[in-house]
Amino acid sequence: MQCLLVAATGLWLMAATAGEAAPAPQKKLLGTRFIPFDVDFEHPVYETRFDDPSMLKDWVLEGGKKMSVECGLFVLESEPKSGREETDDNHLVCWLKTEIPADFLLEFTVRPQNRARGLNIVFFNTRGREGQSIFNPALPKRSGSFPQYHSGALNGYHISYWAAGRGTANVRKNFGFHLAAEGQDLIAPARADAFQMVRIYKRGGAIRCMVDDIVSVAYEDDGKTFGPVWTHSGWVGLRQMGHTGRCEYGYLKVLPLLAGR
């Protein structure tokens, strides 16, 4: 199965380099309310309220300064080495060690230290390009540098749900950093002290990112435009660009979807 997936991806990549212009990113459902009803809330894949520092063993930090638990919050921090956004090189990605099913609802709350400065991303359905675990020691070492994640040894999706100064939330498909959908950043305009609930829903090719149940960005992967739909299980990772500095997370859970819905 893995060999077939690699072969199909390779054929698509050859076709994609033949000269066709990339399509405009999708802009669907923006500003609408979406609450999924096909979620199995009784059997979480993973759930934590970050009230015990021992939960740090469930996570792997790549790059950045540190991860910690403070007063019931999960804290991810970078210390920008340059002090200038355009040259910051202390980005981080923090992976949950638990493997996540292909279709799921991810939910967490987040509060940036400074909403006017920073950019946060969630990676999901992430695997090695030959189908292996992202923790396979044969994969190249990762250090938080962005190209290692979108144009390196990994396949998957990612959503930049907060990008201060840009105003948009984007879905990209990897390998290849393909801009698949564009939406609205609903994190930057919120109150400085507010925790907001971010939800990422995926079933098949349907992907939705909600902030406080309002659709921030949505994508329908047709399995053709940017290669096959990623229907494999994988891993989720929280990314903060170096100039984000510090973000606090109040809780996080991953829920499977109900079959046949």
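**Ground rules**

I am working with a predicted model, where local features need pLDDT of at least 70, side-chain atom pairs count only at pLDDT 80 or more, and totals for chains, interfaces and linings use all residues. Residues are numbered from 1 along each chain as its sequence is written, and side-chain values use heavy atoms, with hydrogens and water left out.

**Entry 1: the sheet**

I started with the strand order. Seven strands make an open, antiparallel sheet that reads β2-β5-β14-β7-β8-β9-β10. For my own record, helices (H or I, at least four residues) and strands (E, at least two) are DSSP runs, numbered from the N terminus. Two strands pair if DSSP finds at least two bridges between them. At the edges I find β2 (59-63) and β10 (178-182), each of which pairs on one side only. The average twist from one strand to the next is 20°; axes here are lines fitted to C-alpha atoms, for helices over the stretch in contact, and angles run from 0 to 180 degrees between N-to-C directions.

Next I went along the pairings. Strand β5 (residues 92-96) runs antiparallel to β2, and five bridges join them. Leucine 61 has cysteine 94 of β5 opposite. Four bridges then connect β5 with β14, again antiparallel, and tryptophan 95 has glycine 237 in β14 as its bridge partner. On to β7: five bridges join this strand to β14, and the two run antiparallel. There I see isoleucine 121 opposite arginine 239 of β14.

**Entry 2: how covered is β14?**

How many of the residues of strand β14 (residues 235-240) are buried? I get six of six, where buried means under 20% relative accessible area, exposed over 50% and partly exposed in between (1.4 Å probe, protein chains only). I had a general point in mind here: in a regular strand the side chains alternate between the two faces of the sheet. Both faces of β14 are covered, with Trp235, Gly237 and Arg239 buried on one side and Val236, Leu238 and Gln240 buried on the other.

**Entry 3: arginine 142**

I found arginine 142 in the loop between β7 (119-128) and α2. Is arginine 142 buried or exposed? Its relative accessible area is 11%, so I noted it as buried. Its side chain makes a polar contact with the side chain of glutamate 62, at 3.0 Å. By polar contact I mean a pair of N or O atoms within 3.5 Å; within protein, one must be able to donate a hydrogen and the other to accept it, and residues adjacent in sequence count only if both atoms are side-chain atoms. A polar atom of the arginine 142 side chain also lies 2.9 Å from the backbone oxygen of isoleucine 134. Beyond four places in sequence, arginine 142 touches Glu62, Trp95, Ile134, Gln148, Tyr149 and Leu154, with contact meaning heavy atoms within 4.5 Å.

Histidine 150 belongs to helix α2 (residues 147-150). I list it as buried because its relative accessibility is 10%. Setting aside neighbours within four places, its contacts are His158, Asn174, Phe175, Gly176 and Phe177.

Aspartate 213 sits in the loop between β12 (206-211) and β13 (214-220), and its relative accessible area of 12% makes it buried. Its C-alpha atom is 5.7 Å from that of arginine 33, though the two are 180 residues apart along the chain. Among its contacts outside four places in sequence are Thr32, Arg33, Met197 and Arg199.

**Entry 4: rings**

I counted 14 aromatic pairs. Rings of Phe, Tyr and Trp (its six-membered ring) pair if their centres lie within 6.5 Å; planes under 30 degrees apart count as stacked, over 60 as edge-to-face and the rest as tilted. Tyrosine 46 and tryptophan 59 are edge-to-face, with centres 6.3 Å apart and planes at 80°. Tyrosine 46 is in strand β1 (residues 46-48) and tryptophan 59 in β2, so this pair ties together parts 13 residues apart in sequence. Both residues, tyrosine 46 and tryptophan 59, are buried.

Phenylalanine 104 and phenylalanine 124 are also edge-to-face, at 6.0 Å centre to centre and 75° between the planes. Phenylalanine 104 is buried at 1% relative accessible area, and phenylalanine 124 is buried at 0%. I also noted a cluster of linked ring pairs: Tyr46, Phe50, Trp59, Phe74, Phe108, Tyr161 and Tyr249.
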